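Reader: Could you walk me through the charged pairs and the nonpolar core in this one?
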Amino acid sequence: PVAGAEEHAYIDNVAVSSLEVSRAENFLHQEVTTVSGDISNGGPRPLASVEVSVEFDDVMNQIAQRETRVLFGPPGPPIPSGDHREFEVAFDHVSSSWNMRTPVVKVTAVQFAPLK
């Protein structure tokens, strides 16, 4: 999503919580890391999509890997004002220098749903 000034200002209304990390082997015997959590829309506008950055730190607490992902894009239903939605993002590769702690997930952009 492309964020204008209004969307950029709205990011403060969107909260990430309840983060959990799990690791599992897929059918190709590769390690897949999954980050799940909850996105809350505390502002007055419904959201069509939310973009987040996920930062995995190393043992020095410096960013070892940063990836951007779009959550809930159309055609899915928007997140209404005052509501929340669970999310899950999977990573086929995470840096070997990752410190195995829960990554930092930050909202970087939002897209408003059309008002009806």
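This is a predicted model: local features need pLDDT of at least 70, side-chain atom pairs count only at pLDDT 80 or more; totals for chains, interfaces and linings use all residues.

Reader: How many salt bridges does the structure hold?
Author: The structure holds five salt bridges, and one of them joins Glu6 to Arg45, with the closest N and O atoms 3.0 Å apart.

Reader: Where do Glu6 and Arg45 lie in the chain?
Author: They come from distant parts of the chain, since Glu6 belongs to helix α1 (residues 5-10) while Arg45 is in the loop between β2 and β3, 39 residues apart. Glu6 itself counts as exposed, at 51% relative accessibility.

Reader: What about Arg66 and Glu55, what do their side chains do?
Author: The side chains of Arg66 and Glu55 form a salt bridge at 3.0 Å, N to O, which links strand β4 (residues 63-71), where Arg66 sits, to strand β3, which holds Glu55.

Reader: And is Glu55 buried or exposed?
Author: Glu55 counts as buried because its relative accessibility is 6%, under the 20% limit, whereas Arg66 is exposed, with a relative accessible area of 51%. Salt bridges with shared partners also bring Lys106 into one network with Glu55 and Arg66.

Reader: Switching to the core, which residues touch the most other members?
Author: The largest nonpolar core has 22 residues, and those touching the most other members are Val14, Ile39, Leu47, Val50, Val52, Val107 and Val110. At least two core residues come from each of β2 (31-41), β3 (47-57), β5 (84-91) and β6 (104-112).

Reader: Which strand gives the most to this core?
Author: That is β3, which contributes five residues.

Methods. Residues are numbered from 1 along each chain as its sequence is written. Side-chain values use heavy atoms; hydrogens and water are left out. A nonpolar core is a set of buried Ala, Val, Leu, Ile, Met, Phe, Trp, Tyr and Cys residues joined through side-chain atoms within 4.5 Å. Buried means under 20% relative accessible area, exposed over 50%, partly exposed in between (1.4 Å probe, protein chains only). Helices (H or I, at least four residues) and strands (E, at least two) are DSSP runs, numbered from the N terminus. A salt bridge is a side-chain nitrogen of Lys or Arg within 4 Å of a carboxyl oxygen of Asp or Glu.
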